[in-house]
Each structure stands twice: as C-alpha cells, then as structure tokens.
Amino acid sequence: MMFVMYPPQQEENIYIRQQTQAWRRSGLITEEQLSAINEHTDIQLRRTNLFFRLLFFVFTMLGAGAVVGLFFWLLDFKDADIIAVMLICFGAAFYIAAEYLAGKYLFYRHGVEEALVVMAMVLFCAGCGILLSENHLTLTQLRIVVPALLAITACWIYLRFGFLYAAGISIVALSFIPFQFNLSPAAERIMLFSVLCVIFVFSLLADKPDLEDFRKNRYAKIQACLTTAIYLTVNLQIMGLFGLISMDRHAVHLNPQLFPPSIYWLSYVLTFLVPIAAIYWGIKSRKRIIITVGIVMACVTLATNKSYLGWTRYAWDPAILGIILVGLSLIITRWLNSGVDQRRFGFTARNILKPEEGGITPADVAAALTPGVIETQQPPAGAQEQYFKGGSSGGGGVEGKF
Amino acid sequence: MNTAKLLRKLRYEKKLNSGQAELLLNLQERRIFSVLRELRFFLYIGILLIITGAGLTVKQYFINLGDAAIISALTLCFAAAFVYCFAQGRSYERGEVASPNIAFDYILFFGCAFYSMDVAYIETQYHLLGELWENYLLISVALFFFLAYRFDNRLVLSLALSTLAAWFGFTLSAHRFYFENYYRLYAIAYALIVFCCGVLLYRIDIKKHFLDIYLNFAAHFLCIALLSGVTEYKILSLYFPALLLACAALAFYSVQVRKFLYVLYAVIYGYIGISIVIVDQIHRQTFFLFIYFIVTSMLVIGLIFKLSRRFKENQ
C-alpha cells in the first residue's frame, strides 16, 4: 500500500490539465490540441469545482457536527473519560470514512472527504486533550501536548492526502509550542525561529529538481508559508503594527520592549534580510509565490521601520509607501518593456496567461469598499470652529469671552 | 510523464508546431516568466495606500493645512488623473477595451477616489447643499458610471455601484448596519435597480462583461435584505417566498451560464433562510434541531452532487 493516498501520476495529470486550460484560455493552443493533451492525461480521480467543493465542505462539516452533537445529547455522558473516548472514536470513524471515499470512490479535493478529515483531526485532538487532562497532566503540559498532537495529525493528513492547509495547520500548531514553556520572550522567539528554520531546511532538501511538477508547486507554497512564519517570528514590531491599525496605543510598543537590545537590533537586521533573501531566491528559482511573499514582507518591513527606530509616525506614511510601490512597479514595467522582445532575463510584463474569471475579484471588492473608507476618514463637521474655541489651538487656553 | 515531456511528445507527433511547443516549453520551464499579475497587484496596493494616506492626512491635519490647500490639492490630483485618462485612453467601444498601459486603470480609480474625497471634504466643511447633501453622491454615481463605461474600468464601476448604495443609505458606518424595515426596503429597491441596469445594458450589448459585477451587488443586497426580513417575520411574510424565488433564480442562472459562484450564493442564502423558518417552527427543540441539520445537510450534499455530476465535463 502506498503511503500517499493518490497515485502521483494522477496528480501530475491534474496539474498538467490545469496548465493546459490556462493555455487554452489565453489562446496559446487550439481546442483540438487541448483534446490531444487530454487524451494523454487520463484522470480517474473524481474532482469538482471550487464552489461545489466549498459547499460540500461546509455541509459535510455541518452534518458531521450535528451527528456528533445528537449522539452526545442523546446519551448525555457525564464521565469525561467516556466523552474523550467517544470523541476519539468519532474521529477515527470520520477518518475511515474519508479514507474510504478517497480510496474507493476516488474523491480528490471534493470537499466531503476534506471535511471528514478535518473533523476527524479536531475530534481526535479534543478527545486526546480531555483524556490527558483527566489523567494528571498539568495545564502547561496540556498546552504543549495538544498543539504537538494537532501538528502531528495535520502533518499526517498532509502527507497522506496532500491538503496544503493541513500543512499550514501543522506549522501554526507547532508555532504555539515554544510559547508554553514560560521562557523569556527572546528565548521563545529563538526557539520558534530555530524550529521553523529546521522545517524550512527539510522542505528545501525534499524539493529536488527531478520531482513531479505538482509536488514542486506544493513545496513552493509550503516554503512560502514557512518564509512568512519565519518573518513573523523575527519581526518584533508586527504586534505593534496590529496595534497601530486597530488604533490601540498601548499595543503599539508593547511587545518589543520585552527584548534585550542585542535581540532587538538583530531582529531589525533580519526584517530586511529575510525579505531580500526571499525575493532573491524567488527570482533565482522563478517561484512566483516566493517573490510575492518576499515583496509583501519587504512592504511590512518598511511599515514597521519607524517603530523599530522609534521615529514619529505620520498620517502620510501609507501614502509614501504607496508612492514607492507605484513608482517601483512602473519602473520595473518600463525596464522590462524596453528589453529585447519586451523581456529581460526571461522576465516580462506582457500578459501571456489569462487568469480564470470568477465573476468578481478581490480588486473589485476593495474598490467597492473605498467610498466607505473615504467617508470614515472625513474630519468631523464644524471641527475647525470647535478647534479654535477654548484655546486648544494656542493662546494659553484663553476663550473669546475672557 | 510531466508537462515538458508531454509537450515534446506532442511536437514529435506533430500535434503542436515547433514555434508553439517552444513557447509553451519556455513558459513551463520558466524561461519566460510573466510578472504582470504581481506588478498590477503592487500597483493597486500602492494606489490604495496613497488614497488611505491622503485620507488620514486630511483627517489629522486639516486644521494645519487649511481648506484652500486641501481642496486645491485634491482637485489638482483628480483633475490631473482625469486629464491623463482622457488624453491617453483608447476610444470608446461597446465591447471589452484593453487598457493602454498597466497603470491606466489605477490612475482612473485614483482620480475617482480623490474626487470623492474632495467632494466629501467640501460638503462636510461648508454644507453647500445642506439637507440635500446626499445628492452629491448621485452626481458622483453618474460621473463614475460614465467613466467606468467610457474607459472600460471594472474598479470604477464597483466604486459607482457602492456609491449608489451609499446614496440609498448604506455605508460602512456601524450605525447604518442595522437592517431595519426602512433600510430593508431600500436594499431591495437598490438590488432591483442594479439588476435591471445590468441586464438592460447586457441586453443592448454595452460592455457585456460588466454583468457579473451588477449581479454580485444585486444578489448580495437582495438576499441579505430578504434574509433580514425572514429573521424578523419568519414564515409570515412575503420575504420568505421572495428569498426562495431569488435563490432559485440565482441557481437557475448559474446552471444556465455555468458560473457556479451563484450556486454557492443561492445555496448559502437559501439554506440560512429555510433554517431560520424551520428552526422557528420546531420551537428550538434540541433533538429535532440535530435531526434537521443532519437531514438537510445530506440533502444539500446530494443535490450538489447531482449537479456536479451533470457538469462533470466542465470540471
């Protein structure tokens, strides 16, 4: 029995078909050529489109949740150990059902088997958590064991089914563990940084050049997640940035003050090095997602730079960052367009592959929200008159009537 | 077999000509790597940051800067953007028109956002129209519609439709989120107007590719308004059959044009509406609640499964 659920050639064929559909959309191949490619890439796995997948996922979760709820409501267990065992049993049952659907009926990214696996993971970890808490494990130990268990089960699901979000859950669960040892903030960060770097190195070692294309694509996404996690670990001002966005003045400088100066300035240097390394590596290896993540991290570095240096923030700071982004985008476009055949080192700003149309895009949604944002940014009516009353604008607080 | 091997095989079998195979191999092995999507993304983020920064600056420093400086700066910005677009833009066509350059769409959007900011500032500070200030929104809507169609810009069309929603009374301010009866009826009216406009323009063959934006706005406003009605009056009103009808129409349209996003909307809104009514009818009895969710979720899964099998060739 293979460890992975789906035959690699089938997954590779799906990847090939996705690409060829993009080529057809962009007019690079004809309908006959697409059919010829499809003849060579037979797919037995049962797939569905994104929207049906979402519906299958949501309603399977709902149904499975209701089954568990009904069972516990009917039998009204009082003993925590029995509850834990029943949760684990339900988890096992859902997992077997998912394996059965994927194995027998060849469900692939179909939503149903995904929801069952996710439910299985949650119920299994919850059951184990209750069982361990009832058996003399302290709260601190439990806070370590449960995330570790979640990380392991999610990792198993990723390796078996190839769900990328399971790998993401595994990384997030693992990232919780260093914060449960009552270490100093610096030690927590160093430990987390080390763990993430080790996983990152493993992912690099696994990403061999002779791998199938779909696997390379999957590794690129995991590496992008890990790079982001590493960046979030090294940037001590991220929490402050959240505080700034939520206008919570106390949160702005809360976290970084807990770190010794050496760690603080090392993290400052790393906030520049990580994005630079990611962009360089992304360009060198032509990994689109790594380039995008690198540039987003670079923007966050610029946004947190003033906080690191203790400089005053101004209302126009976002506009300056925006001007930098617009300027850079235009300069790069111009530079690429002026190359031979509108290309430089293989990079081009030409529209080669047409994206799939999904009805409405996130850009349209952002544009639709703009009037609301503009409305919230208006100064209050008559604020100027109020400002000059009461001497708050100067004059030692002297009012007109004085 | 991977993509590169397959392409080489097809070239050998003469199913792909050598030029085509060369281009596809270059794309596959990333010897040609288009960064257009990334450049557009960062350009758009940049424009949104500029708009945010400008808005925050006006809000925080309007006293130091003074009205004249703010109004003239904002006016200058949007006027420059509009002048640029009229000077550089391609001529009007009924169908899709490609942008003359990568920045064009965003410059027009930037101009519209600054125009909104300018008008909002003038009205907030000077109250030129007094009680009738909301009519400014209608002027903005007309301008944005004109610009969206003139320059074939989806972003500005979204801006126009959300500004029209603001004229109907829907804004991001928290106190306007209550779906009282007043707003519910306005939401339905808004949705119907948007839907009719979209369909009419589609029928007379003007920018047919904009239809999805109209339908998305109309579907969400209509379904949320009807859902709020169902929440308040349960089964004893026209809201419930109207919601079912709307969801059925959405699902039917979705299946007809094979755009399954609308099936998602129809199922989610329809299920929530039906659940509100049924849960009310069974008086929140726990046993029946669980049974209801088990049975209905299985029914929905079965229904979607049948639908997905029907469109297997499209997947």
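Strand E2 of chain A is joined to strand E1 (residues 33–34) of chain B by two bridges, and the two strands run parallel; helices (H or I, at least four residues) and strands (E, at least two) are DSSP runs numbered from the N terminus, and two strands pair if DSSP finds at least two bridges between them. The model is a predicted one, in which local features need pLDDT of at least 70 and side-chain atom pairs count only at pLDDT 80 or more, whereas totals for chains, interfaces and linings use all residues. Residues are numbered from 1 along each chain as its sequence is written, while chains are lettered from A and ligands numbered from 1 in the order in which they are written.

Within this strand pair, Phe347(A) stands opposite Phe33(B) of E1(B). On the chain A side, E1(A) and E2(A) pair in the antiparallel sense over two bridges, with Phe347(A) in E2(A) as the bridge partner of Arg344(A). The three strands form an open sheet of mixed pairing in the order E1(A)-E2(A)-E1(B). Strand E1 (343–344) of chain A and E1 of chain B stand at the edges with a single partner strand each, so one side of each has no neighbour in the sheet.

The contact between the chains takes 79 residues from chain A and 81 residues from chain B, where two residues are in contact if their C-beta atoms, placed from the backbone, lie within 7 Å. Among the elements that give two or more residues to the chain A side are helix H1 (8–25), helix H13 (288–309), helix H14 (317–337) and strand E2 (347–348); H3(A) gives the most, with 14 residues. That side divides into 46 nonpolar, 23 polar and 10 charged residues, with Ala, Val, Leu, Ile, Met, Phe, Trp, Tyr, Cys and Pro counted as nonpolar, Asp, Glu, Lys and Arg as charged, and the others, Gly among them, as polar.

Two helix pairs across the chains are set out below; axes are lines fitted to C-alpha atoms, for helices over the stretch in contact, and angles run from 0 to 180 degrees between N-to-C directions.

| Helix pair | Axes | Angle |
|---|---|---|
| H15(A) (residues 362–376) and H7(B) (residues 154–167) | 7 Å apart | about 40° |
| H3(A) and H12(B) (residues 286–310) | within 8 Å | roughly 155° |

Angles under 35 degrees count as roughly parallel, over 145 as roughly antiparallel, 65 to 115 as roughly perpendicular and the rest as oblique. H3(A) and H12(B) are therefore roughly antiparallel, and their crossing is left-handed, whereas the crossing of H15(A) and H7(B) is right-handed; a crossing is left-handed if the near helix is turned anticlockwise from the far one by less than a right angle, and right-handed if clockwise.

The contact of H15(A) with H7(B) involves residues including Ala363(A), Asp364(A), Arg154(B) and Leu155(B), and its residues divide into eight nonpolar, four polar and two charged. The contact of H3(A) with H12(B) includes Phe52(A), Phe56(A), Trp73(A), Phe290(B) and Ile304(B), and its residues divide into 16 nonpolar, six polar and no charged.

As for confidence, the predictor gives the complex an ipTM of 0.89 and a pTM of 0.88. Chain B averages a pLDDT (the predictor's confidence in each residue, from 0 to 100) of 90, with 95% of its residues scoring at least 70. Chain A has a mean pLDDT of 88, and 90% of its residues reach 70 or more, but over residues 390–402 of chain A the pLDDT is below 50, and this stretch has nine contacts in the model beyond near neighbours in sequence. Where pLDDT is low, the predicted coordinates should not be read in detail.
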